[in-house]
Amino acid sequence: MIIALTTIAFPSCKTEVKNQAIDRADMDLKANPAADFDQYANGGWKVNNPLPADKSRFGTFDKLRDTAEKQLQALFSKITSEKQEPGSLGQKIADMYNLGMDTVTIEKQGAEPLKPYLAEVAALKTMPEVQNYIATYHAAGNGPLFGFYGSSDDKNSNWVIAQLSQGGLGLSDRDYYTNEDPHSANIREEYVKHITKMFTLIGNDEALAASKATNVMALETRLAKASLTRLEQRDPVKTYNKKDLKGLIELAPNFDWNLFFNKVSLPNQNEINVGMPEFFKEVSKMMADVPVDDWKIYLEWNLINASAPYLSSAFVNQNFHFYGKVMSGQEKIRDRWKRVQGTVSNALSEAIGQLYVAEYFPPEAKVRMVKLVENLRIALGQRIDQLAWMSDETKKKAHEKLATINVKIGYPDKWRDYSGLEIKKDTYLDNVFRSWKFEAAYNYGKINKPVNRSEWFMPPQMVNAYYNPSMNEIVFPAAILQPPFFYLNSDDAVNYGAIGVVIGHEITHGFDDQGRKYDKEGNLNDWWTEDDSKRFEERTKILAKQYDQFVVLDTVHADGNLTLGENIADLGGLNIAYQAYQLASKETEPIDGFTPDQRFYLAYAHLWASNVRDKEILRLTKEDVHSLGRFRVLGPLRNLPAFYKAFNIKEGDYMYLPENERAVIW
Ligand SMILES: [Zn+2]
């Protein structure tokens, strides 16, 4: 598990450093900061950056992504126009990209590239064959029905074990299958239509396609009902259920686990964490009572659904219609070159990251970041000492954990080896499948070995950051270290308000409602006294309640419990960064009419400027552990006396909360 700064993670590139980090054109100076600080800080930005037709959300992150795509495009066009040695990274990038861009061939091929794979499903006759197929496709990195991967043991953070998790759904949340509200019911109806349409595209007649869709829906609904909700999955104690092979077979006896582990080249695997035991009990029952023919339809659907983006336009457009338009309200599909570039960037992420860093990452950025991170660490240490609600005993442990947090900045010391990934000049789809298989083999290859502490879980070209509780580390890819997050040559106020808060946010994840359950070694191990835990939870309840009250659309409210960890991190990040700023900076003079403190909060608010489509608001509220941009501004700031002071917020203002309603955590 890693905890990212934002769910939608985008590659990015270096942009021009503006002299003026706070731009009045981004603001709505007629708005009252005490009534709606998001409108005041970001009102101009929202007007000047309307939603493009091919986006369901457009915010500061997304704007960086656009720049990035163009910068990566420059790298790609250089690689694809030069002669490349066979077997070289350049050849792999160029061949995969060129096949993806060759729409004449792809249109001519239609469903052809998928046919050999569908024939494998058609040939299945017995349940053992169905299970053999499922295991084989897990080895191929395109495993249906459930999730399988290697990651560290939550109670032995130095060791990688096998992990089984719930999965197998075509809709992005189990609640869409079970909720009674009209929005969920509509999504179900549209999903069945979508599956039907897809089956007709492989040559089934309308009636057969419709009956297959009903079948898929019934099977997935059973899986959904046995799945944990997103909120339940946030409890790492609940999802830790380590078993040996015998224990797994006892839990889910009707699936051939010996065969499965043989297929993924881990025979006799004896350390397996079963994230959701009830789900695997249901899978086992289904192995006994769902007929072979129903499984074949489900497996066929999984293949079509996974392949659609890499086939002809009939598949691509129908896939977009459902997952883009219906689910997110997106009006137009993204340009083809962007989609293909994204696919190649996923397949060869660190190879492209290496080129990206050489071109766009200045080494001075790393030096300034190291200093910022250490100042933030000092500030949180001071704040821990000042906490009135925490005992000395727990404080001592918190200090130990803080001191142990490892920091990674920019890019990995050692790059991944892609020599085993073969890219051939056959079809785009075959190459995508090869890259998935390569990725799966890489991941499974870590199981039953010590954790590789130098590994990165995001490539350098991604605009994002993360905290990894099992390694107790914070990681900042190169691409986030640029405006409007990081200014190499601007005043301290904007740097502490932007990247400083991002650093503080990631550090706070080590102490949020999930992260606090891990100790300094990254083990799931309760280091808190009972009373301190209780007091922590009381404080976080106040914060959850605040967010529950936010109305995201019509009568729909934000989910304060689902987003709790991120909201704790935003609030903590602001507190820590502000304290670090006070310690480190001697700035006192206003710039362009704004005091240093005002610039600090304006720089923070600017990170979350965004416009979002209604359907996307509903989807994100259901699925995203992060609050919507607007509430990442309003939510934490309403708890901060220093913010009140900076903008003269008074009792009775919307941005003001009475002292007993404020959350004070870190
Ligand atoms: Zn976060």
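Start in the middle of things: select F37, F146, F148, W257, F261, F476 and Y601, which touch the most other members of the largest nonpolar core, a set of 201 residues. A nonpolar core here is a set of buried Ala, Val, Leu, Ile, Met, Phe, Trp, Tyr and Cys residues joined through side-chain atoms within 4.5 Å. Buried means under 20% relative accessible area, exposed means over 50%, and partly exposed is in between, using a 1.4 Å probe and protein chains only.

A quick word on what you're looking at: this is a predicted model, where local features need pLDDT of at least 70 and side-chain atom pairs count only at pLDDT 80 or more, while totals for chains, interfaces and linings use all residues. Residues are numbered from 1 along each chain as its sequence is written, and side-chain values use heavy atoms, with hydrogens and water left out.

Now zoom in on F261. Which residues is F261 in contact with, leaving aside neighbours within four places in sequence? They are F148, A162, L245, L248, L266, P267, Q269 and I272, where contact means heavy atoms within 4.5 Å. There is also a second, separate core of 6 residues, and A4, M458, M462 and Y466 are among them.

Next, select strand 4, residues 146-153. Strands (E, at least two residues) and helices (H or I, at least four) are DSSP runs, numbered from the N terminus. Strand 4 is mostly covered, with 6 of its 8 residues buried. Look for G150, whose bridge partner in strand 5 is A162.

Stay on strand 5: 8 of its 11 residues are buried, so it is largely enclosed by the rest of the structure. Strand 5 is also joined by 3 bridges to strand 7 (residues 272-274), and these two run parallel. Here Q163 stands opposite N273 in strand 7.

Strand 1 pairs with strand 10 (residues 466-468) in the antiparallel sense over 2 bridges, and I3 stands opposite Y467 in strand 10.

Axes are lines fitted to C-alpha atoms, for helices over the stretch in contact, and angles run from 0 to 180 degrees between N-to-C directions.

While you're there, pick out G381, found in helix 18. Buried or exposed? G381 is buried, with a relative accessible area of 8%. Not counting residues up to four places away in sequence, G381 touches H399 and L402.

Move on to helix 8 (residues 182-201) and helix 15 (residues 313-328), whose axes come within 10 Å and cross at roughly 175°. The two helices are therefore roughly antiparallel to each other, a label for angles over 145 degrees. Color the contact: I187, E190, Y191, H194, K197, M198 and L201 come from helix 8, and A314, F315, Q318, N319, H321, F322, Y323, V326 and M327 from helix 15.

Most residues other than glycine have a negative phi, and most peptide bonds are trans. Now select P483 and P484, joined by a cis peptide bond with omega about 5°; P484 lies in the loop between strand 11 and helix 21. Then go to N448, a residue other than glycine with phi near 65°, a positive value. N448 is in the loop between helix 20 (428-444) and strand 9 (462-463), and counts as partly exposed at 34% relative accessibility. Last stop: D554, not a glycine either, has a positive phi of about 45°. D554 sits in the loop between strand 12 (551-553) and strand 13 (556-557), and is exposed at 68% relative accessibility.

Methods:
Parallel < 35°, antiparallel > 145°, perpendicular 65-115°, else oblique. Pairing = 2+ DSSP bridges.
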